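Where do the salt bridges sit in this model, and how exposed are their partners? The report below takes them in turn.

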Amino acid sequence: LANGELATNNIPTRKGDHCPHYVPMLEAAEEAGINTSPIKEFTQQSHFHRYSIRDTCKKEGFAESLCDYLTYSDQCTKTYEDASATIALRELTLANNFSIIVQHLPADNKYSPYRNFLTSHIELDTNDHGPLMSKLLESVEDVDRAMNTMIQFYTLRKKVYDDCLKEKSLF
């Protein structure tokens with residue numbers, strides 16, 4: 001949910017229009033019966049774009065793990081080098097990560113929207129984003145730094161997932 005992701009309308013919704021990355025995830029969560037109103041309110045607040053993400057997260061009472069992850073994610077978009085490396089490495093690893101999730105989703109139909117979202121994301125990353133991201137990664141000068149950035153990114157993301165698995169409230 002970095003500012004760039006909030007402003008980019010490149011993911012198709014079930015209606016066929018295009019929207020930011022997080023909208024199909026919210027749609028799938030809603031169809032699975034998850035209350036998404038706090039995150040919707042957060043993304044729609046006009047002050048979100050004027051103040052720091054950390055301050056906004058803390059003001060809204062988000063869990064520390066989520067504040068850390070969103071803040072770091074936003075920091076990764078501040079320079080071309082960081083943004084390119086973060087986006088390229090994330091896109092190159094998502095298809096594999098999402099495939100693992102799909103394999104372990106319960107067969108229950110309530111997970112169908114989420115499964116469909118992940119499957120379409122896997123196809124998009126494998127067929128379209130992957131080759132483009134490989135080319136983008138070739139433009140990154142300090143690949144070791146980029147890898148360390150991604151390790152930190154995923155370490156913080158894992159803490160959010162761990163909190164979810166503990167059924168800890170994130171917001």
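What follows covers the basis of the values, then the salt bridges.

## Basis

This is a predicted model: local features need pLDDT of at least 70, side-chain atom pairs count only at pLDDT 80 or more, and totals for chains, interfaces and linings use all residues. Residues are numbered from 1 along each chain as its sequence is written, and side-chain values use heavy atoms, with hydrogens and water left out.

## Salt bridges across helices

The structure holds four salt bridges. The term means a side-chain nitrogen of Lys or Arg within 4 Å of a carboxyl oxygen of Asp or Glu. One of them joins R54 and D68, at 2.7 Å from N to O. This pair links distant parts of the chain: R54 belongs to helix α4 (residues 53-60) and D68 to helix α5 (residues 64-75), 14 residues apart. Helices are DSSP runs of H or I, at least four residues, numbered from the N terminus.

E64 and K58 form another salt bridge, at 2.9 Å from N to O. R54, K58, E64 and D68 are linked in a network of salt bridges.

D162 pairs with K158 at 2.9 Å, N to O. Both lie in helix α8 (residues 143-165), four residues apart, about one turn of the helix.

## Exposure

Buried means under 20% relative accessible area, exposed over 50%, and partly exposed in between (1.4 Å probe, protein chains only). D68 is partly exposed at 24%. E64, at 42%, is partly exposed, and K58 is partly exposed at 45%.

In helix α8, D162 is partly exposed at 27%. K158 is partly exposed at 49%.

Terms used
Helix = DSSP H or I, 4+ residues; strand = E, 2+ residues; numbered from the N terminus.
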